[in-house]
Amino acid sequence: MQKLKFNINGKHYEATVAETSHNVAEVELNGKKYTVEVERAESVAVPHIAAPKPAAAAPVAAPAAAPKVAAGANSVTAPLPGSVTVVNVKAGDAVKAGQTLIIIEAMKMENEVLAPADGTVTAVHVSGGQAVQQGDALLDLA
């Protein structure tokens with residue numbers, strides 16, 4: 001079972017996803033239950049939930065790739081590839097375990113990167129709009 005919290009166009013959603021068979025999952029979205037077909041690619045389950053399509057917008061330049069910073073022992077790394085949308089901390093900030101540090105958008109979903117422990121941010125390696133790959137260093141904690 002997986003629990004997700006995300007925002008779409010400013011509206012908050014909470015979802016619980018439980019796989020019931022090979023390609024069918026039970027999804028509870030804000031208290032309403034759905035049965036969805038799950039697409040599989042490289043053994044990563046992606047629930048297919050139809051969303052309204054936004055009106056056509058002006059083309060947007062692709063986000064710049066994040067500079068590759070080697071992850072150290074105290075680095076918080078990207079859990080998946082995507083685009084950094086929000087950086088909630090800066091160097092010198094004290095953080096608590098479980099605090100949202102960074103939000104990465106991947107597959108049209110916002111994924112919160114949480115502080116693994118209490119500490120102080122010593123360096124931030126990314127900014128909003130940058131593309132990151134899984135395992136890239138996002139920030140360092142002491």
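This section describes the strands, sheets, nonpolar cores and selected residues of a predicted model.

The protein chain contains zero helices and 13 strands. Read along the sequence, its pattern is accordingly β-β-β-β-β-β-β-β-β-β-β-β-β. Of its 142 residues, 28% count as buried. The accessible surface of the protein chain comes to about 9,400 Å², and carbon and sulfur atoms account for 55% of this area. Among contacts between residues at least 6 apart in sequence, 44% join residues that are at least 24 apart.

E105 lies opposite E110 of strand 10. I104 has N111 of strand 10 opposite it, and V84 stands opposite I104 in strand 9. Strand 9 is mostly covered, with five of its seven residues buried.

Strand 9 and strand 10 form a hairpin with two residues between the strands, and in this hairpin M107 takes a positive phi near 55°. M107 is located in the loop between strand 9 and strand 10, and its positive phi of about 55° occurs although the residue is not a glycine. M107 counts as exposed because its relative accessibility is 58%, the cut-off for exposure being over 50%. K108 is found in the loop between strand 9 and strand 10 as well. K108 is not a glycine either, yet has a positive phi of about 65°. With a relative accessible area of 75%, K108 is exposed.

A further open sheet of four strands has the order 6-13-11-8, again with antiparallel pairing. Strand 6 (75-77) and strand 8 (94-95) are at its edges; each pairs with a single partner strand, so one side of each lacks a neighbour in the sheet. Strand 8 pairs with strand 11 (residues 119-124) in the antiparallel sense over two bridges. In strand 11, T120 is the bridge partner of A94.

The side chain of S75 makes a polar contact of 2.6 Å with the side chain of D140.

In soluble globular proteins, nonpolar side chains tend to be buried together. The largest nonpolar core of the model has 16 residues, of which V95, L101, I102, I104, V132, L138 and L139 touch the most other members. Strand 9 (100-106) and strand 13 (137-141) each supply at least two residues of this core. The surroundings of L138 can be listed in detail. Apart from neighbours within four places in sequence, L138 is in contact with V76, T77, A78, I102, I104, V113, V124, H125, V126 and V132. Of these partners, I102, I104 and V132 are also among the core members that touch the most others. A second, separate core has nine residues, including F6, Y13, A15 and V17.

Several of these descriptions meet at I104. This residue is opposite V84 and opposite N111 of strand 10. I104 is also one of the residues that touch the most other members of the largest nonpolar core, and it is in contact with L138.

Note on methods:
Residues numbered from 1 in each chain as written. Predicted model: local features only at pLDDT ≥ 70, side-chain atom pairs only at ≥ 80, totals over all residues. Heavy atoms only, no water. Pairing = 2+ DSSP bridges. Core = buried A, V, L, I, M, F, W, Y, C linked by side-chain atoms within 4.5 Å. Buried < 20%, exposed > 50% of the residue type's maximum accessible area, 1.4 Å probe, protein only. Contact = heavy atoms within 4.5 Å. Polar contact = N/O pair within 3.5 Å; in protein donor to acceptor, adjacent residues only side chain to side chain. Areas by Shrake-Rupley, 256 points an atom, 1.4 Å probe, with all protein chains shown as cover.
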